[in-house]
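Thank you all for coming; I would like to take a few minutes to walk through one model with you. Please have a look at the sequence and the structure first, and then I will go through what was computed from the atoms.

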Amino acid sequence: MILQLRQNISHEEAAQLAVANQAAFFQENGAYIFVLSAAVKSVPAALEAYADKSWITDSDIQLASKQYRNEVREVKWGKTIVGGNSGNTVMIAGPCSVESEEQLELTASLLKELNITNMRAGAFKPRTSPYTFQGLGIDGLKLLAKMRDKYGFSIVTEVRDATNVEAIIEYADIIQIGAKSMYDHGILKRCGKTQKPVLLKRGFGATLQEFVQCAEFVLSGGNPNVMLCERGIRTFETKTRFTLDLCGVSYLKEYTNLPLILDPSHAMGYAYGVADLSRACVAMGIDGLLVEVHPEPKKALSDASQQLTYNQFRQLMQTLQPIANAVGRQMV
Ligand code: PEP
Ligand code: MN
């Protein structure tokens, strides 16, 4: 159950009430919001005198639920707005990893040519093997910041663990929490204490319920700017890297109020399928797309097989706008 308390309650009083009632709490538009277990179906007697409004929810998908807010939340950063009434499907593109300044300059020239304002690239890479490229770390973040300052891009980059969460909050415009970190409560809770937009990727073995409950950790910390990212789940299939769960996307659209960004690159794992999947994603009426593109994919230090060449990416971009328009949206 979610409660909105009356406006005249002090922080101290709210904190005491929260502890006594086992509630997560945060302040929004001047009022304290309390979130109790979804098993609570009526306002507890101890909170009756304080509650202004209440919402009953079916499960611990609460702040993210349509039962709490029927409209998709609006999330804004830099020159971009998604969700709300914007009708925007935002393109977020760039290489898997930051490899060099030259590589990011080449990425910048492609994005500028195509009027794309959101650059993605990982500086801290949570790799499957310790014997592969682990990312440039803080030097990579500084290169991304250079692109932001020089060209006005917004930067989407991944936090790997609790040791780099502060640096990512400082340098990124959108904090990407990767599939392998979806359950990192240190990261989730810290991200609840900033107002920076968070792009939370679905763990490849996580159910939709588990995925959205991880988003609840960020929302219940007081950060309303959370976007969900479907990037493929593990199934019995081995011919593709993962399986993009478009049924899950329909579920998330129907039952949650969080903007949805889809990542066909990591789902497919092979460049040949990324353009078709991207078109299928845009046809789902989504808030954004995250696509990996590299100046020389064959030489990429991570995810070489799935990154598009510049020409493949240019061709893809030409086909997306009409599909977005056909479902009442525009690509931005
Ligand atoms: C990435 O975006 O480069 C990445 C590592 O993605 P994921 O967390 O989905 O594997
Ligand atoms: Mn990648």
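Predicted model: local features only at pLDDT ≥ 70, side-chain atom pairs only at ≥ 80, totals over all residues.

**Ser10 and the overall picture**

Let me begin with Ser10, which is partly exposed, having a relative accessible area of 36%; here buried means under 20% relative accessible area, exposed means over 50%, and partly exposed is what lies in between, with a 1.4 Å probe and protein chains only. Ser10 sits in the loop that runs between strand E1 (2-5) and helix H1 (11-20), where helices (H or I, at least four residues) and strands (E, at least two) are DSSP runs numbered from the N terminus. Between the C-alpha atoms of Ser10 and Asp60, which are 50 residues apart along the chain, the separation is 27 Å.

Residues are numbered from 1 along each chain as its sequence is written, chains are lettered from A and ligands numbered from 1 in the order in which they are written, and side-chain values use heavy atoms, with hydrogens and water left out.

Now the chain as a whole. Its secondary structure comes to 10 helices and 15 strands. The radius of gyration is 20 Å, close to the 20 Å that the globule rule gives for 332 residues, so the chain is as compact as a globular protein of that length; the radius is taken over C-alpha atoms, and the rule is 2.2 Å times the number of residues to the power 0.38. Along the principal axes, the C-alpha trace spans about 65 × 40 × 40 Å.

Of the 332 residues, 54% count as buried. If we take the contacts with a separation of 6 or more, 67% of them are accounted for by residues 24 or more positions apart, a contact being heavy atoms within 4.5 Å. The accessible surface, from the Shrake-Rupley method with a 1.4 Å probe and, for residues, only the protein chains shown as cover, comes to about 14100 Å², and 52% of that belongs to carbon and sulfur atoms.

Cys96 and Asp303 are both buried, and for Asp303 the relative accessibility is 15%. Asp303 also has a positive phi of about 50°, although it is not a glycine.

The C-alpha atoms of His266 and Asn8, 258 residues apart along the chain, are separated by 48 Å.

**Three further positions**

Asn29, in the loop between strand E2 (24-28) and E3, is another non-glycine residue with a positive phi, here of about 45°, and at 72% relative accessibility Asn29 counts as exposed.

Ala46 is found in the loop between strand E3 (31-35) and strand E4 (51-55), and at 47% relative accessibility Ala46 counts as partly exposed. Not counting residues up to four places away in sequence, Ala46 touches Leu17 and Asn21; from Asn21, 25 residues apart in sequence, Ala46 is 8.1 Å apart in space, C-alpha to C-alpha.

Finally, Gly186 belongs to helix H5 (residues 185-191) and is partly exposed at 42% relative accessibility.
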